[in-house]
Structures are given as C-alpha cells and as structure tokens.
Amino acid sequence: MSGSERRAFRGLRMKARKYAVAASVSFRERTAYGGSFLGTALAYALFVFVFSRIWGTVYAGRADIDGYTRAQMIWYFIVAELPGMALSGVFWSLSQDMKSGQVAYLLSRPYSFVLYSYALGAGKALANGPILLAIGCALGFLTAGPPPLSSAGQGAGLVLGLLLAGSIYYLLNLAIAMTAFWVEENAAFFWIFQKLALVAGTLVPIELLPGAARRAAWLTPFPAMSYAPAKLLAAWPGTGGALGLLGYQAAWALLAALACQAIYALGRSRLRVNGG
Amino acid sequence: MDRVKAYLRFLGTSFAVNVQAVVEYRANFLVQTFGMMLNNAAFAFFWAVLIGKVGNVGGYGFADVMLIWALVSSSFGLSHAAFGNVRSIGQIVQRGELDLYLLQPKDVLLNVLASRTVVSAWGDFAYGFLVLALLPGLSPGRFALFAVLIVIGAAIFTATFAAAESLCFFLGDATGISSAVTEFMLSFSLYPESIFGRGMRWVFYTILPSAYIAYVPLAAMKALDWGLIPPLLGIACLYAAASYGFFRLGLRRYESGNQMGARI
C-alpha cells in the first residue's frame with residue numbers, strides 16, 4: 001500500500017469511526033432507558049398474538065393459503081413487523097427536530113447529516129431489534145412451533161435482509177421527516193407511508209394480494225421493508241431467489257439514501273434559525 | 001337537576017371552545033382528519049383481501065368486520081374529540097398541573113377531560129359514519145341505533161382509559177400500563193371475538209370491556225335490536241361511576257406541585 005493510499009484508508013477509517021461512535025451512543029441510550037421501550041415491546045407482542053389467533057382461525061380446515069401454511073404465516077408476520085417496530089417513533093422525533101430547529105445545531109458539525117442521522121437510527125434499531133426478535137421467537141415457538149430455518153445460509157440471509165429492511169425504513173422515514181423543510185404539517189405523509197407499508201407486505205405476503213395490487217406493490221419500496229426478510233425466513237426461495245430479494249433491497253436502500261441526500265441538499269437552504 | 005343542566009352547559013361550552021381552537025388551524029385539522037380516515041381504511045383493504053381469499057374469519061364476513069370498525073372507530077373518536085385529555089391524566093398529575101383544575105369551581109375530572117380535543121380523533125369519528133353509509137342497508141333506524149351505540153361506546157372507552165390513567169396516583173409513572181390498556185382495548189375490539197377463544201371471553205366483559213363497545217353493539221346493529229340499549233346504558237353508567245370513584249380515591253393522594261399557571 002502506497003503512502004497516499006494509506007492516508008486515504010486512514011481518513012476513511014476516521015470517518016467511519018465518527019458514525020460508529022454516534023451509533024454506539026444511540027445504542028447505549030436505548031439500553032440505559034429501556035423502560036420507554038416497554039410500550040413498543042408490548043404492542044409488538046400483542047400484534048403477534050392477535051395475528052397468530054387470526055391465522056389459527058383462518059387455517060381451521062385448511063392446509064395452506066397461496067403456498068403458506070399456518071406456521072409459515074405466523075413466522076412471516078413476526079419478521080415482517082420487526083423493522084417498523086424496532087424503529088417505531090423515529091419519524092416523530094426526526095420531524096420534531098426539523099420543526100424545532102434542533103437540526104440547525106447538527107448542520108455546522110463536521111459530519112454528513114444523513115449519515116449521522118442514519119447512525120443514530122442504526123444504534124436504536126440494534127438495541128431494540130434483538131429484544132423484539134426474542135419476543136417474536138418466543139411467541140412464534142408457542143403458537144407455531146420452531147421457525148422454518150433450515151440452513152446457516154438462510155440465517156445469514158435473514159439477518160442481512162433485516163438490516164437492509166431497517167435501513168430502508170429509517171432512510172424513508174428521514175426523507176419524509178425532511179419534508180418539514182417545506183411543509184410543517186407533514187404527519188399525513190407519514191401516515192400514508194405507514195399504511196401503504198402495512199398493506200403492501202406486512203400484514204399479509206404479497207402473494208395474497210390481488211394481481212393489480214401485487215404488481216403495483218413491486219414498484220414501491222414497501223416489499224423491501226417487510227416482505228423480503230419475512231419471505232427469507234417463512235418461505236425460503238432458494239439461493240437464487242434469496243440473492244434476488246437481497247439485491248432488490250440493496251437497490252432500494254441505495255435509492256432511499258440518494259433521495260435523503262437530495263432532499264437534504266434542497267431543504268437545507270430553507271432552514272431559518274432565530275436566536276441561539 | 002339544575003346542577004346537571006349546569007354541567008351539560010359547561011360540557012357544551014368546553015366542546016365549542018375546543019372546536020373553535022381546532023378549526024382555527026384548518027389545514028392541520030383537515031390533514032389530520034383525512035389522514036386518520038386513510039389510516040383506518042388500510043385495514044379495510046387487509047380484511048377485504050383476507051376475507052376475499054377465505055370467505056369468512058371465525059364466522060365474520062367483510063360487512064361484519066367493517067361494522068365493528070365503524071362502531072369502534074366512531075366510539076374511540078367521540079371519546080377523544082369530547083374528552084381529549086382522557087389519556088393525558090397521568091401526565092397532568094405527574095407535572096403537577098392538576099392544581100389549575102383543583103382551583104376551579106367545576107368537577108375536577110370532568111374539567112380535565114373536557115378541556116382538550118384530539119384533532120385526529122375527528123377522523124376516527126367521521127370514519128365510522130362513512131363506513132356505515134357505504135355498507136348495505138342504511139336506514140334512519142339503523143343510523144339512530146348506531147349513533148346511540150357510539151355514545152355508549154365512547155362513555156365506556158373514556159371510563160376505562162381514565163381509570164387506567166388514574167393509576168398514576170398510586171404508582172407514580174403508570175404510562176406503561178395506560179398505553180398497554182389502550183393497545184389491548186383497541187386490539188381486542190377491532191378483531192372478531194371468535195378468534196380469541198372462550199378462555200379469554202371474561203376479560204372482554206370485565207377489565208377490558210371490548211364486548212360492550214364492539215361485540216354486543218354488533219349484535220344489536222345486525223338485528224336492529226333496541227332492546228340491548230337499556231342494559232348497555234346501565235353497564236356504561238357502572239363503568240363511568242367506578243372510574244369516577246377510582247379517580248376521586250386517587251385524588252386524595254395527590255400532592256400539589258405548587259405550580260403557577262392559568263387557564264384562559
């Protein structure tokens with residue numbers, strides 16, 4: 001490695017370290033104040049319980065629906081709900097930061113606002129996600145038996161799928177929150193996003209949607225946030241199919257990151273801060 | 001009787017003032033109202049897909065599920081539109097803000113409850129009527145029965161949430177329990193009773209009274225049975241009285257925060 005390459009590598013490592021520290025602070029904050037997470041954990045457990053009962057009723061006298069057995073459907077829901085629940089509330093706190101002007105304090109610091117914000121979200125998700133996953137697994141075991149996990153490759157695919165799903169979810173939340181640069185009351189955008197995410201792959205697999213809705217769903221990022229990781233666990237599509245789903249998620253993660261960067265660049269100039 | 005009239009006038013005035021405050025920010029009001037209606041409609045799509053695939057869920061067809069949604073949504077909306085502070089009592093107590101209400105000549109609980117409206121609740125309230133209008137068989141009698149049932153449902157929602165919030169007098173921070181009660185009440189009310197099994201039924205008729213907000217009103221709506229109204233009214237009065245008594249019991253333990261403030 002030449003001297004200039006070494007310097008570039010060291011610079012890159014220093015940059016990565018900044019964001020790792022931000023993620024670590026966010027992680028520790030979540031673990032130190034775990035009580036505030038109790039409501040989310042309880043809500044997640046309740047949703048899993050309710051849906052396990054719904055599927056229990058629906059599957060009475062049926063072996064499968066569109067290729068999914070009762071156990072697969074329960075495990076599907078457990079994973080599909082996970083990214084959104086692990087990052088619940090991020091839109092409201094991000095949006096509040098935009099509206100209150102808090103974001104102005106971050107603009108002058110020597111880091112990328114989008115990457116810094118992403119690091120904070122990653123810390124939060126890495127603290128919340130495993131707890132929710134443990135709750136989901138416990139309920140899944142009780143209501144549907146062991147998870148349909150057959151190989152280490154499938155496990156690795158699931159973890160990667162969940163990380164990409166969480167990344168897309170967070171970045172799209174950030175993009176919607178940044179619309180506050182233009183429109184102060186942006187909650188309706190989030191509600192629309194949240195509900196489309198629910199119907200396009202969270203509550204039921206895409207395969208169950210009517211033809212036109214299914215085709216429309218594939219043109220959106222929503223299946224990448226819920227359907228993809230859930231499918232990787234509940235109905236493993238083989239190595240080729242899994243790589244296709246992960247590639248689809250990676251493409252949406254990149255698009256979401258670029259969208260955030262573009263919205264931030266456009267919106268930053270509109271920020272007005274009074275006082276200090 | 002004069003006292004009842006005075007309180008009805010007071011509640012009417014509080015409601016009117018809250019409405020005026022809300023419509024002052026028209027864009028926000030419309031965005032939140034329609035946003036909440038859209039929010040609820042997402043679940044209608046889920047049920048349409050699911051019931052389209054399997055025929056019915058535990059004996060409930062699409063119209064039944066939508067009727068449950070209409071009843072629960074409008075009851076919940078009415079409860080939070082008229083008594084917007086119902087899920088903020090704990091916060092008000094913890095911050096010592098109850099002092100402001102204690103100094104006023106009206107009943108503390110009613111005064112606290114009625115002093116705010118929740119904007120998005122108007123969307124919930126309207127959504128139920130919209131669903132009812134879209135379902136087959138709309139008639140003046142059905143509409144009137146629905147209106148009475150949601151008033152009863154709103155009273156039971158308010159009583160249950162207020163009782164859960166009043167736990168803060170005894171436990172300090174009871175937000176976890178209070179939000180759990182909200183989630184459980186809504187989740188149990190919005191899904192068919194039959195999916196939960198017989199073992200859980202006693203819960204819906206006692207501590208989390210979803211049965212009187214969703215299941216019994218659904219039976220009344222389907223049969224256009226006004227005979228269920230008197231027992232439901234009696235049950236709503238019982239829950240309201242128990243909740244009021246629990247709040248008063250807790251209030252004895254309240255310690256002033258010595259906070260200076262004013263309500264105009």
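The model is predicted, so local features need pLDDT of at least 70 and side-chain atom pairs count only at pLDDT 80 or more, while totals for chains, interfaces and linings use all residues. Residues are numbered from 1 along each chain as its sequence is written, and chains are lettered from A, ligands numbered from 1, in the order in which they are written.

Chain A is built from twelve helices and zero strands, where helices (H or I, at least four residues) and strands (E, at least two) are DSSP runs numbered from the N terminus. From that end, its elements simply run α-α-α-α-α-α-α-α-α-α-α-α. Its C-alpha atoms fill a box of roughly 65 × 50 × 40 Å along the principal axes. For 276 residues a compact globule would have a radius of gyration near 19 Å, and the 20 Å of chain A agrees with that; the radius is taken over C-alpha atoms, and the globule rule is 2.2 Å times the number of residues to the power 0.38. Of these 276 residues, 41% count as buried. Buried here requires 20 or more other C-beta atoms within 10 Å of a residue's own, exposed means 12 or fewer, and partly exposed is in between, with C-beta atoms placed from the backbone. As for contacts (C-beta atoms, placed from the backbone, within 7 Å), 82% of those in chain A between residues at least 6 apart in sequence join residues at least 24 apart.

Chain B comes to 13 helices and, again, zero strands. Its C-alpha trace spans about 60 × 45 × 35 Å along the principal axes. The globule rule puts 264 residues near 18 Å, and chain B, at 19 Å, agrees. In chain B, 45% of the 264 residues are buried, and 80% of contacts between residues at least 6 apart in sequence link residues at least 24 apart.

Where the chains meet, 26 residues of chain B are in contact with 23 residues of chain A. On the chain B side, the elements that give two or more residues are α2 (26-54) and α10 (175-190), with α2(B) supplying the largest share, 14 residues. That side divides into 15 nonpolar, nine polar and two charged residues; Ala, Val, Leu, Ile, Met, Phe, Trp, Tyr, Cys and Pro count as nonpolar, Asp, Glu, Lys and Arg as charged, and the others, Gly among them, as polar.

Over in chain A, helix α2 (residues 38-58) has 21 residues and reaches 30 Å from first C-alpha to last, close to the expected 30 Å at 1.5 Å a residue; that expectation is 1.5 Å times one less than the number of residues. Its buried residues include Y44(A), F47(A), F51(A) and W55(A). The buried set packs against α3 (70-86) and α6 (113-144) of chain A together with α2 of chain B.

The largest nonpolar core has 154 residues, and I168(A) and L71(B) touch the most other members. Such a core is a set of buried Ala, Val, Leu, Ile, Met, Phe, Trp, Tyr and Cys residues joined through C-beta atoms within 7 Å. Helix α8 (residues 140-166) of chain B gives the largest share of this core, 14 residues. Leaving aside residues up to four places away in sequence, L71(B) touches G128(B), L149(B), I150(B), G153(B), I213(B), A214(B), P217(B) and L218(B).

A121(B) lies in helix α7 (residues 119-134) of chain B and is buried, because 24 other C-beta atoms lie within 10 Å. With residues up to four places away in sequence not counted, A121(B) touches G77(B), H80(B) and A81(B).

Definitions and conventions
Two residues are in contact if their C-beta atoms, placed from the backbone, lie within 7 Å.
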